[in-house]
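Me: I have a structure open and would like to learn how to read it feature by feature. Can we start with the strands?

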Amino acid sequence: MENFTYFNPTRIHFGRGQIRSVDAEVPAGARVLLLAGGGSIRSNGVYDQVRAALGGRVVVDFFGVEANPDFDTLMRAVEIVRGEKLDYILSVGGGSVADGAKFVAAAVAFKGDPWEILVKRGANVASALPLGVILTLPGTGSEANQASVISRRSIREKLAFLSPHVFPRFCVLDPETTFTLPERQIANGVADAFTHVIEQYMTFPARAAVQDRFAESVMQVLVDEGPISVKNPTDYDSRANVVWAATWALHGVIGAGVPQDWASHTIGHELTALHGIDHARTLAVVVPSLLNVQRATKAAKLLQYGERVWGIREGTDRERIDAAIEKTRGFYELLGLRTRLSDYNVKPDTASEVASRLRARGVLKSGERGDITPEIVERILRQAA
Ligand code: NZQ
Ligand code: ZN
């Protein structure tokens, strides 16, 4: 295990009725930008609960943040924050709205072109407005982490940034606010959270027993409860476990001090930028193929994962690794996420386009050993055809 500093300042309010804690969290004199998506929060009562909790505070609503939040839309929100002298950003929605809120919070005070925040991956963020997150879609982990992923459709880009300044001050996780999610979206959330664990776990053994066992139990919970929650959207206990697992999958603890491999996400973001595929669905395509291409260097962890998460104990190493990869593919498919590029009408040639985009960006060595070159990315995507 490597040295690490574990830091997570986000206070988490979990459970039924917790939106009321917004009143204690947001300063009484705050001037609030309420950021939201396309309107689901109006029809399921979440908006009304949030407005009630905000009481008499000055609140300006900004609806219209897209799935895969767009830079141009968010820059309009930045102008409103500046013009109205707002000083607190409240995200009410899924991961896209939370990511958008982080960008707005960082962009308001940014000197220069805010797109540089994405180009420099957040290293140039010196401050941000305080923000809070009312989460209505579990999966991304954005409610309690320092990451944000922003799309810019006008130039076909999708880039992430990280900054400790954009950790939410608090988040509210009320599983009941997620009951209205369509099957596709909750399935996406389960698959995304599962993949976040894979990215921090499926590398090489690092004698990090706490992180390993924790990662395995988060995956087991998602395997057990994910399909139940997809089929029974108002089963509170099942959904509560999915929500909590998703937060644990990406708020820092399981990745502390261990090798990580975010190549599936890097490749997935390119597929979303080029083809508009849902984030989680890009991962369902990339992960099984990446595990197969990288099976030699990931062998020890694939065997451990197969045994501890899927109970695979019989057969040669090769057979057990095959079985672990097939279980992973089967899990995405069971949730309803197809795992081939052709399922999304994407031609195999996208493999070379993605590889050359990564090359142009200087992303030449991803993976826990830096051995996922653009050539390997191309092979992974050709195998995912
Ligand atoms: O816009 P509204 O009307 O709210 O509808 C949304 C949207 O259409 C709907 N929805 C959300 N909550 C609902 C609901 N519908 C009914 N009832 C509810 N309770 O769901 C749709 C998708 O929402 P979105 O926020 O886009 O989904 P998700 O949470 O999966 O976020 C995906 C984005 O997060 C990024 C992805 O790249 C993608 O841009 N990620 C962010 C990460 C992070 N910050 O750490 C990590 C992830 O790996 C990921 O990359
Ligand atoms: Zn993800």
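This is a predicted model: local features need pLDDT of at least 70, side-chain atom pairs count only at pLDDT 80 or more; totals for chains, interfaces and linings use all residues.

Me: Which residue of β3 is the bridge partner of Leu35?

Reply: Leu35 has Phe62 as its bridge partner in β3.

Me: How many bridges join β2 to strand β4?

Reply: Five bridges join β2 to β4 (residues 88-93), and these two strands also run parallel. Within that pairing, Leu34 stands opposite Leu90 of β4.

Me: Why is strand β2 described as largely enclosed by the rest of the structure?

Reply: Burial is judged residue by residue, with under 20% relative accessible area as the cut-off. Strand β2 covers residues 31-36, and five of its six residues are buried, so the strand is largely enclosed by the rest of the structure.

Me: Which way do the residues of strand β8 point?

Reply: For a strand, look at the direction of each residue along the run. In β8 (residues 170-173), Phe170 and Val172 point one way, Cys171 and Leu173 point the other way, and all are buried.

Me: Which strands pair with β8?

Reply: One of them is β1 (residues 11-14), which runs parallel to β8 and is joined to it by four bridges. In that pairing His13 stands opposite Val172. Strand β5 (residues 131-135) also pairs with β8 in the parallel sense, over four bridges. There, Val133 stands opposite Cys171 of β8.

Me: Now the ligand. How many residues surround ligand 1, and which are the closest?

Reply: Begin with the shell of residues, then go to individual atoms. Ligand 1 is surrounded by 33 residues, and the closest are Gly38, Ser40, Ser96, Asp99 and His196. By class, the shell holds eight nonpolar, 22 polar and three charged residues.

Me: What polar side-chain atoms lie by the oxygen and nitrogen atoms of ligand 1?

Reply: For a side chain and a ligand, read the distance between the two atoms. A polar side-chain atom of Asn68 is 3.0 Å from an oxygen atom of ligand 1. For Asp99, a polar side-chain atom lies 2.7 Å from a nitrogen atom of the ligand. An N or O atom in the side chain of His196 is 2.7 Å from an oxygen atom of ligand 1.

Me: What share of the accessible area of ligand 1 does the protein cover?

Reply: On its own, ligand 1 has 960 Å² of accessible area, and the protein covers 88% of that. The elements that give two or more residues to the shell are α5 (95-107), β6 (147-152), α7 (183-201) and α10 (263-275).

Me: Which domains contribute to the shell around ligand 1?

Reply: Domain 1 (11-177) and domain 2 (183-383) each supply at least three residues to the shell.

Me: What about Thr247, buried or exposed?

Reply: Thr247 is found in helix α9 (residues 236-249). With a relative accessible area of 0%, Thr247 is buried.

Me: Where is Asn345, and what is its phi?

Reply: Asn345 sits in the loop between α13 (317-335) and α14 (350-361). Its phi is positive, about 60 degrees, although Asn345 is not a glycine. Asn345 counts as exposed, at 70% relative accessibility.

Me: And Gly56, buried or exposed?

Reply: Gly56 is exposed, with a relative accessible area of 82%. Its place is the loop between α3 (46-54) and β3. Gly56 and Ala28 are 28 residues apart in sequence, and their C-alpha atoms are 8.7 Å apart in space.

Conventions: Residues are numbered from 1 along each chain as its sequence is written. Chains are lettered from A and ligands numbered from 1 in the order in which they are written. Side-chain values use heavy atoms; hydrogens and water are left out. A residue is near a molecule or strand if one of its heavy atoms lies within 4 Å of it. A polar contact is a pair of N or O atoms within 3.5 Å; within protein, one must be able to donate a hydrogen and the other to accept it, and residues adjacent in sequence count only if both atoms are side-chain atoms. Accessible areas come from the Shrake-Rupley method with a 1.4 Å probe; for residues, only the protein chains shown count as cover. Ala, Val, Leu, Ile, Met, Phe, Trp, Tyr, Cys and Pro count as nonpolar, Asp, Glu, Lys and Arg as charged, and the others, Gly among them, as polar. Domain bounds come from an automatic or database domain assignment. Buried means under 20% relative accessible area, exposed over 50%, partly exposed in between (1.4 Å probe, protein chains only). Two strands pair if DSSP finds at least two bridges between them.
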